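Here is a short tour of one protein model. Look at the structure first, then follow the text from a single residue out to the sheet, the cores and a helix pair.

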Amino acid sequence: MNHNFGFKVFFLFFFLYGINYSQQYQQQFHNKNYNNILNYLNETFNNNNDNNSNKKINSSLNYNNNNNSNNNNSIKLWVFFNSKEITTINNNNHNDIKLKTGINNESIKRRSKLLKKQIVDDTDLPVSENYINQILQCNSTIIKLGYKSNWLNSISISILFDDFTLSTSTSTSTSTSTSTSTSTSTSTSTSTSTSTSTSSLSRIEIIENITKCIILKPFVEKIDIVSKLKKVKESETVTPTPPLESSTMNETFYGKSADGIKQISMDKLIEMGLDGSGVVILIIDDGFYKDHECFKKLKILGELNLDEDSPHMNDTQDRPMMEEDHDHGTATLSVLSCDIPGVMIGGARNASYLLARITIFEEIDSYIEEDQWVVALEWGERMGADLVSSSLSYLLSFNYSYAGLDGKTSHTTIATNLASAKGVLIVNSMGNNDFSIYGAPNDGENVISVGAVDRRGNMAYFSSIGPTADGRIKPDTLALGIDIYVASISGPSNFTRMSGTSFSCPLIASAIALLMQAKPSWTSTQVHEAVIDACEWSIYPHYYMGWGIFNVSKALSYQPIPMNNTCFNNCNSSGLCCKISTQNNNSNNNSLSSSLQQNTCNCANAYYGRYCQYKRIECGYRCKYDFLGETKCQKNNFNDKVSFRCIKSSQYNSSIVNFDPYKIPTTCKIIGETPLNQNKFINDNDDDDDNNNSTSNNNFNYYNNYLLKLFILILILI
């Protein structure tokens with residue numbers, strides 16, 4: 001009898017352990033985004049719904065228009081990690097900082113204006129090479145490393161399918177499963193499943209095995225799709241001009257660039273002798289024709305070439321000039337930096353430049369993948385950029401919608417938030433999609449998004465409009481964007497005219513560079529506040545058109561609020577002043593753990609800004625009617641007519657709130673940087689019950705499992 005009882009207890013122990021382990025196993029899949037990824041992949045891969053799960057690997061895949069692959073044989077994923085192997089840096093030792101993070105003296109100097117004591121933090125530390133290698137070992141034949149993001153603590157990977165890799169992946173997968181099994185006991189079982197002969201698996205099954213292998217790594221935070229940002233074609237009116245002749249040099253100093261410069265009063269700063277000297281500008285675009293006469297005096301500090309078809313990492317021009325690979329970048333760079341008096345003048349012609357070239361994939365629509373933009377931004381910040389000019393007017397694609405333009409969802413927007421925290425100011429073109437959706441990272445609170453106007457100051461018909469999904473004013477400012485005189489790639493002395501917010505953006509960036517030169521002690525935050533204050537509608541912004549045309553001459557007289565006085569005017573009487581401490585995980589005072597105390601405003605829901613100085617726009621027509629029923633204004637039971645948040649229609653019933661948005665908070669909440677990778681995956685087909693009632697469902701499941709275990713225990717012990 002004792003023997004039977006012992007056997008029953010032994011059996012019970014392993015049975016209950018199996019249930020708990022299964023629950024934990026499934027929870028890992030849920031938390032790390034596995035189900036969302038597979039749902040997306042199942043929608044993306046067209047298997048004709050004909051029970052063809054045993055479809056051969058080398059059969060072609062059909063993608064819908066919103067896929068994320070570069071071709072029909074690949075899929076691209078983000079892999080986010082939850083820790084880093086290097087955890088300490090001496091903030092008092094600049095050599096240690098440069099050695100471990102790669103940031104240069106110019107970056108340290110810029111950060112010091114804003115950060116004072118803590119120059120670097122966890123986001124600057126490199127991604128673990130050990131983690132990367134273990135991810136690649138999940139199938140070393142068909143997984144290709146894309147890019148590393150220290151800020152997001154992530155890598156991008158491509159899962160590639162072609163005749164060669166598919167024919168050799170069987171043996172590689174088997175050996176890989178052995179090597180990865182040493183990390184955890186959990187990954188052993190998963191690795192075994194990936195060793196199944198790939199010749200009998202469909203592409204979706206191979207990807208499923210790989211993603212399982214990745215998710216079960218204890219250091220993996222989650223996975224996500226690398227979003228393709230769709231490039232909106234410029235609304236162009238291109239009129240080629242003949243090569244320069246000596247007679248054209250007799251025109252006034254500004255030449256054909258005078259209209260754009262004078263509309264924002266930049267001529268007044270130029271006439272004061274300002275030319276951008278001492279300011280480092282990062283420009284992210286599709287390549288640059290550096291042999292043009294505009295750029296003879298251009299000061300280039302560094303170049304990064306992420307064009308996947310180019311063999312030259314440190315040269316942003318490597319193709320014949322007659323190709324149109326770098327016409328856009330050439331045009332935007334010329335607006336900033338051209339230096340041919342009497343013909344064309346860029347406001348920041350004497351600034352120093354960092355040139356980042358990214359891949360423009362030309363298929364049905366032109367698009368860029370967001371990992372390249374993030375990597376280019378991080379590189380520029382490390383190289384000492386003070387200012388970024390990005391004229392890649394991209395629409396958000398499949399896994400983001402207008403409701404996701406809230407300043408904290410898109411990976412590119414999250415990257416801009418981190419760049420701003422390090423003292424970089426980002427200027428981005430609003431896009432040319434008129435009343436439809438605009439692109440990230442323009443929804444970022446710290447991004448100066450730029451719309452376009454004509455010579456009379458009227459909004460250009462193509463210029464994208466605001467506001468953000470959470471009611472913040474966009475665009476931040478406006479400048480000339482129609483028939484802009486720009487350098488042409490058709491010859492070293494040729495020019496043309498182009499239209500688009502892509503060209504109003506570098507106009508604003510030029511003016512800001514002169515402002516930075518004139519006010520070197522101002523932080524990027526103070527410069528941004530000065531820009532808004534110097535716009536024509538700074539008191540009463542327009543619902544769609546934002547703050548209006550910039551007057552950089554007026555910005556010179558702006559009196560900035562000190563950075564240590566973030567509770568200025570008692571948070572503008574629209575928020576609660578709170579003293580907070582930010583502290584990292586390390587205990588060494590010379591590492592990243594230095595505790596910093598500062599005052600900050602906890603704004604009422606209806607306001608935003610460093611000291612609650614800006615009022616949000618109430619959710620209305622744009623959310624309700626511009627997106628074909630995809631979005632609705634969040635319901636507030638306190639006052640159903642007042643809402644500042646546009647949400648997905650599928651979340652309407654589960655996102656009801658009840659509070660006074662104008663009421664000043666009575667308690668301080670912890671305010672600080674968002675922890676790494678806290679942004680969630682956005683699925684346009686959210687199921688309300690699954691996504692919003694997860695807590696109650698988990699409690700219900702827990703209760704049911706408890707009853708089941710109790711019932712089995714009674715049966716066994718009887």
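M344 lies in strand β9, residues 344-345. Strands (E, at least two residues) and helices (H or I, at least four) are DSSP runs, numbered from the N terminus. This is a predicted model: local features need pLDDT of at least 70, side-chain atom pairs count only at pLDDT 80 or more, and totals for chains, interfaces and linings use all residues. Residues are numbered from 1 along each chain as its sequence is written, and side-chain values use heavy atoms, with hydrogens and water left out.

Is M344 buried or exposed? M344 has 1% relative accessibility, so it counts as buried. Buried means under 20% relative accessible area, exposed means over 50%, and partly exposed is in between (1.4 Å probe, protein chains only). Beyond its neighbours within four places in sequence, M344 is in contact with residues including Y254, C294, V335, Y485 and F495. Contact means heavy atoms within 4.5 Å. K256 is 88 residues from M344 along the chain, yet their C-alpha atoms are separated by 5.8 Å.

**The sheet**

Seven strands form an open sheet, and the pairing is parallel. Their order is β7-β10-β6-β13-β15-β16-β17. The edge strands, β7 and β17, each pair on one side only. Two strands pair if DSSP finds at least two bridges between them. β6 and β13 pair over four bridges, and L282 stands opposite V388 in β13. Helix α11 packs on this sheet, touching β6, β10 and β13.

| β7 | 299-305 |
| β17 | 477-480 |

**The cores**

A nonpolar core is a set of buried Ala, Val, Leu, Ile, Met, Phe, Trp, Tyr and Cys residues joined through side-chain atoms within 4.5 Å. The largest has 83 residues, and I512 and F550 have the most contacts inside it. Helix α14 (residues 501-518) gives the most to this core, with 11 residues. Apart from it lies another core of 33 residues, among them I368 and L418.

**A helix pair**

Helices α12 (residues 370-382) and α13 (residues 411-421) pack at about 10°, with axes 9 Å apart. That makes α12 roughly parallel to α13. Angles under 35 degrees count as roughly parallel, over 145 as roughly antiparallel, 65 to 115 as roughly perpendicular and the rest as oblique. Axes are lines fitted to C-alpha atoms, for helices over the stretch in contact, and angles run from 0 to 180 degrees between N-to-C directions. E370, W373, V374 and L377 in α12 meet H411, T412, A415, T416 and A419 in α13.
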